[in-house]
Amino acid sequence: MNRLFTAFIVGAMVLGVLVGWGVNQGLSPEQAKSVADNLTIITDVFLRLIKMIIAPLVFSTLVAGIAHMEDAASIGRVGVKTMAWFITASIVSLTIGLLMVHLIQPGVGMGLVDSAGHAAGAVDASKLTLKEFVTHLVPKSIVEAMANNEILQIVVFSVFVGTAVAALDDKAPAVTALVDQIANIMLKVTGYVMKTAPLAIFAALAATISTQGLGVLVDYAKFVLGFYASLGVLWGLLSLAAILIVGKRALQLLGAIRQPALLAFATASSEAAYPRTLEELQKFGLSRRISSFVLPLGYSFNLDGSMMYCTFAVLFIAQAYGIELTIGQQITMLLLLMVTSKGMAGVPRASLVVIAATLTYFDLPEAGLLLILGVDHLLDMGRSATNVVGNSVAAAVVAKWENQIEEPGGSETARA
């Protein structure tokens with residue numbers, strides 16, 4: 001069944017590109033746009049279905065995961081290990097993006113000259129102030145946070161609730177049983193929604209190619225291929241780290257998450273793949289308490305693909321305008337992105353917001369943002385898939401450190 005579903009996803013991607021190209025070539029731009037608008041109805045409905053289940057799923061799985069931990073010490077220990085991995089992965093991701101853009105030099109030779117045009121209006125960088133980020137972490141209403149799918153705020157509230165339940169002497173069995181049941185129900189609902197994924201994937205790709213055509217791939221071939229080569233390096237390092245820490249079963253893990261990664265790639269949404277990722281990690285044998293704790297935090301603090309893109313894109317823009325940044329400026333940029341990238345979750349067009357803020361900070365031409373807007377969706381596909389892989393590896397590593405990975409043929413207690 002899994003192989004059949006994967007085949008449907010791949011087939012939908014190929015068919016979407018072919019149909020989109022046919023529409024782009026056979027119809028006028030106005031007609032192609034009309035077709036694309038109609039196709040996006042399917043994608044929009046699918047993503048709304050996903051968003052419909054994200055808040056209750058994150059809340060129930062995170063509360064249940066924390067509540068099942070033995071004590072507050074366990075929560076703190078797992079939290080420290082998780083954040084240590086996230087910080088290390090962030091540094092590695094940002095550094096790879098920095099090194100690869102210097103190696104490939106995708107913007108060198110473009111010879112652009114800064115004009116009066118500005119791209120600042122395309123995104124809102126004001127949301128990246130320290131005050132806005134810190135205050136945004138804490139929900140003023142959990143109902144509002146859930147209604148707006150503010151994952152960071154839901155995570156904060158869930159950590160408090162789960163910790164409180166775990167701290168009670170009797171573990172509040174009625175509440176624990178309730179959140180367990182809600183989590184199981186939402187996972188079942190997720191299964192229903194995911195059956196429509198191939199249709200949504202077809203519509204998303206067909207709509208994009210219908211309006212932009214295949215030419216967009218040629219215009220930015222060096223930039224796009226260079227970024228995907230950088231993602232390949234990151235995937236290789238993540239796989240190597242997983243093998244060294246988790247063992248030979250790490251290869252099985254990478255195979256288990258191929259469907260969520262494909263789904264994230266095709267829809268350009270890590271969020272869309274969250275429910276299936278959580279399900280596949282638990283099927284693989286990761287403890288439910290670990291996967292339900294690490295994964296939601298990862299979607300807020302461990303966006304490996306998005307962080308790499310920020311360094312790669314900023315330096316690409318600098319190269320395109322013939323501007324050289326000093327070593328000190330580049331190190332400062334890495335530190336800046338380490339902080340600002342942690343506020344990506346829940347911000348529309350998050351990577352573009354971070355890039356816009358970084359351009360302003362270093363007085364780089366804001367109009368350079370227009371260079372990447374045309375292919376941002378294509379690159380977002382790779383970023384989203386990488387975020388899924390990075391968070392899955394993070395969950396597996398923390399589970400291994402906590403001895404919470406069930407071996408083949410082992411008992412079910414490890415998943416409790």
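Visitor: In which kind of crossing, left-handed or right-handed, does H10 pass H15?

Guide: In this predicted model, where local features need pLDDT of at least 70, side-chain atom pairs count only at pLDDT 80 or more, and totals for chains, interfaces and linings use all residues, H10 passes H15 in a right-handed crossing. That name applies if the near helix is turned clockwise from the far one by less than a right angle, and left-handed if anticlockwise. Residues are numbered from 1 along each chain as its sequence is written, and side-chain values use heavy atoms, with hydrogens and water left out.

Visitor: What makes up the contact of H10 with H15?

Guide: Contact means heavy atoms within 4.5 Å, and among the residues that make it are Phe 223, Phe 227 and Leu 234 of H10 together with Met 308, Tyr 309 and Phe 316 of H15. The residues of this contact divide into ten nonpolar, three polar and one charged.

Visitor: How do you know that the length of H10 agrees with its number of residues?

Guide: The expected span is 1.5 Å times one less than the number of residues, so the 26 residues of H10 (221–246) should span 38 Å, and the end C-alpha atoms, 36 Å apart, agree with this. Just after H10, Gly 247 takes a positive phi of about 105 degrees.

Visitor: Why are H12 and H19 called roughly antiparallel?

Guide: The axes of H12 (residues 258–267) and H19 (residues 376–401) come within 7 Å and cross at roughly 155 degrees. Angles under 35 degrees count as roughly parallel, over 145 as roughly antiparallel, 65 to 115 as roughly perpendicular and the rest as oblique, and H12 and H19 are therefore roughly antiparallel. Their contact involves residues including Pro 260 and Phe 265 of H12, and Met 381 and Val 388 of H19.

Visitor: Why is Ala 203 called buried?

Guide: Buried means under 20% relative accessible area, exposed over 50%, and partly exposed in between (1.4 Å probe, protein chains only), and Ala 203, at 0%, therefore counts as buried. This residue is found in helix H8 (residues 197–212), and, leaving aside its neighbours within four places in sequence, Ala 203 is in contact with Leu 39, Ile 42 and Thr 43.

Visitor: What makes Gln 105 partly exposed?

Guide: Its relative accessible area is 36%, and Gln 105 lies in the loop between helix H3 (72–104) and helix H4 (130–137). Most residues other than glycine have a negative phi, yet Gln 105 has a positive phi of about 50 degrees although it is not a glycine.

Terms used:
Helices (H or I, at least four residues) and strands (E, at least two) are DSSP runs, numbered from the N terminus. Axes are lines fitted to C-alpha atoms, for helices over the stretch in contact, and angles run from 0 to 180 degrees between N-to-C directions. Ala, Val, Leu, Ile, Met, Phe, Trp, Tyr, Cys and Pro count as nonpolar, Asp, Glu, Lys and Arg as charged, and the others, Gly among them, as polar.
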